[in-house]
Amino acid sequence: MSLRPNDSKAPLSLFWLQSGGCGGCSQSALGAENPDLMTSMEAANIDVLWHPSFSQASGREVVSLMEDLAGGGKPLDILCLEGSVMSGPNGTGRFHMMPGTGKPMMEWIRQLAEKARYVVAVGSCAAYGGITAAGENPGDAVGLSYEGRKPGGLLGGDFRSAAGLPVINISGCPIHPGWLCETLHQIAANTYSATDLDEWTRPLSYTMHLVHHGCARNEFYEYKASAERLCDQGCMMENLGCKGTQARADCNIRAWNGSGSCLDGNYPCINCTAPEFEEPGHDFLETPKVAGIPIGLPTDMPKAWFVALASLSKAATPVRLKHNATADHLSVPPSDKRKPRS
Amino acid sequence: MSRLVVGPFNRVEGDLEVRIECGDGTVTSAEVVSPLYRGFERILLNKPPLDALVYAPRICGICSVSQSVAAAHALADAMDITPPRNGSLAVNLVHAVENIADHLTHFYLFFMPDFARPVYQSEPWFEDISSRFTAMKGTAVETVLPARAQFLHIMGILAGKWPHTLSIQPGGSTRTVAAAETARLKAVLVAFRRFLERTLFGAPLKQIVSLESGEALKAWFANKAPNTSDFGRFLHVSESLDLSALGRSSGNYLSYGAYQMAGTPLFAQGVWRNGDPTDFSPHSVAEDLTSSWYKPDGPEAPAAGTTDPDADKESAYSWCKAPRLDGEIMETGALARQLIDGHPLIRDLVARHGGSVHTRVVARLLEIARTVLAMEDWISQLEPGGAFIDHTAMPDQAEGIGLTEAARGSLGHWLSIKNGKIANYQIIAPTTWNFSPRDRIGTPGPLEQALVGAPVREGETDPVAVQHIVRSFDPCMVCTVH
């Protein structure tokens, strides 16, 4: 029996490369559940021609497959790149040579991207440069079609793959396995179009949301009952650099590793799905403020309104929230006026 | 004599090329090439010290918690703080989950698929092994992936997410647990233990950890049909191909000690030189850069180390540096840890065969069993409601060293802080030790030595024996070059 819903159609071929990243998006993908990653690919009718961590083929077998794909002898439906493109030193790409080929990985990526019907950047590194492009960017790391917020990268901001789409940027550091599997399923079903992408060409399926949505600390946020130190239970926006109200992702709606999220782990959102998250311009775990008011206010909210509402809500903060906000465990439960806790 | 360039190596973490000289059907000399440079040590310069906890884990997505632990230890050393007991327990649990998941990924997804290659078609075990372990399609994949993913639920509870959690801090763990959550942790671990006992070992964990010699292991295995467990399958293949004689290393081993609790590690710290245990001193470590694409040639003590790339350096062939302890190469990993900790099975196997493909894999699987038993104990020691973190402030000037054990071996971070910013940051990863290139006196690294003598079959372009040896170290190339 086959799981494939599209049995009559030929499977879509997928080829996966890793360059200047950490392999963490692949490891995260391997944590896919209900079903597992391999079953999910099978269900999507995707034939993984090669993945550097999971495939049987090695050495010459892989090099000849790459030559076939790059030369057009074998069609390629989906190219996935994980990790940023290493363009240094001086634009030569020699900071990452593809083993066994004597050729920069940058050249292989370019050639395969020209042939692929869809090009998918897996993770913020492949999309925008990501962590590898932080600091002085010693390796000249760039994304596939962005260099930070600037269109360009290896393929140029105007790049369109053979299917007419820009690079699909499944950003995140790492990606959630669901973001990858669902995007690949939609591509394989031949239903993907530019309307499925946001302004950074990320799948709207998960960037339609803010990390703030579904955050278990929303009640603390409402009353500006703020955490003061890591581990405190209150809202982390005011003091600890949390960008959940600006960050685009469904992390608190879709569980990580069964039940978690960064916020549930008691640490602030660092907005890892956004270009240039790697250089926030301030300490990651501190909120920059002017005259006591955070600079990075929630997306879509006029500053004056925020200030007015915050001072009102602070004045109205229930004792329970005020107490729990700066405690490292929730200690005051909600109460029932008609039946006091003995 | 002939020369082969072997690569790309897949089913390792990151990028690797091995250049070998062959003669008379064996490898006579090898050069191990790490072909990627990213420059994390430079990325970290001038950053606020605590931001190292954002960048350092992203050196590696397969052992990101190990990188966090090393960074947190280095920062804690600089701050002169010790986490509260709960914090150490939580960090150890999170770290153990990653290390065990890595061992599992290595065995099932990286190492065993090589025995499903057509070169072994005529072996009596081939049908069973290939249907079980063929990459992405074998029957093992559909049980192992869900078991691994469920085990990682401990990360969801204790670390928010994996990889790249921020829960590990110098003062402990950000994530406190409530009483009901310890019950969830326990239940996840019981389910995982069940998978290990039914599928991987086909025996109770306590039986596995009590095996005291190679003979005892043989006797245990002789009573079972090989296909009743995946460990049995490995032992059968190993015996048939004599993996005890393959990939022997130098006899020098290093472990920084794993899973600290009030200054004492679960697995001991130390050095093993040709049969003798000695103490480890971090001041005996230096990195040689002669064969690495960096200026100058070194050797450099890591606290004063540099990372100045020079892609045109004539004497170089790798982005990996060459760490040495008192000028000597060291093998690190589960084999080194279990040997130095004194587990009788591993001491016996090393005495008989030295470090080899067989010993490395047995040590890794044994370590899974030992660590899961320790995790049960740690969960029962958690005190819900107690403190998990110390909030001491960061000094403006300080130095720190953070030593820990990743799945693949010894990981060290050397940090200095000036004017409230990171002034230097040097990292020596396990595979930097294991896959180091030649130093200034021409001594090859551990893998380069272990490859010599490996058989090369007629017409092989990617010799399968070379693949077994390379993967027996479970290399993590992204960590190596950072």
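D128(B) and R233(B) form a salt bridge, with their closest N and O atoms 2.8 Å apart. The term means a side-chain nitrogen of Lys or Arg within 4 Å of a carboxyl oxygen of Asp or Glu. This pair links distant parts of the chain. D128(B) sits in helix 5 (residues 126-133) of chain B, and R233(B) in helix 11 (residues 230-241) of chain B, 105 residues apart. Helices are DSSP runs (H or I, at least four residues), numbered from the N terminus.

The model is predicted: local features need pLDDT of at least 70, side-chain atom pairs count only at pLDDT 80 or more, and totals for chains, interfaces and linings use all residues. Residues are numbered from 1 along each chain as its sequence is written, chains are lettered from A in the order in which they are written, and side-chain values use heavy atoms, leaving out hydrogens and water.

How exposed are the two partners? D128(B) is partly exposed, at 27% relative accessibility. R233(B) is buried, at 11%. Buried means under 20% relative accessible area, exposed over 50%, and partly exposed in between (1.4 Å probe, protein chains only).

Now to another pair. R175(B) forms a salt bridge with E181(B), the closest N and O atoms being 2.9 Å apart. Both R175(B) and E181(B) are buried.

A further salt bridge joins D348(B) and R352(B), at 2.8 Å from N to O. Both residues lie in helix 13 (residues 344-353) of chain B. They are 4 residues apart, about one turn of the helix. R352(B) is partly exposed, with a relative accessible area of 44%.

Salt bridges that share partners also build one network from E61(A), R11(B), D114(B), R117(B) and R471(B). Over all chains, the structure holds 42 salt bridges.

Note on methods
Helix = DSSP H or I, 4+ residues; strand = E, 2+ residues; numbered from the N terminus.
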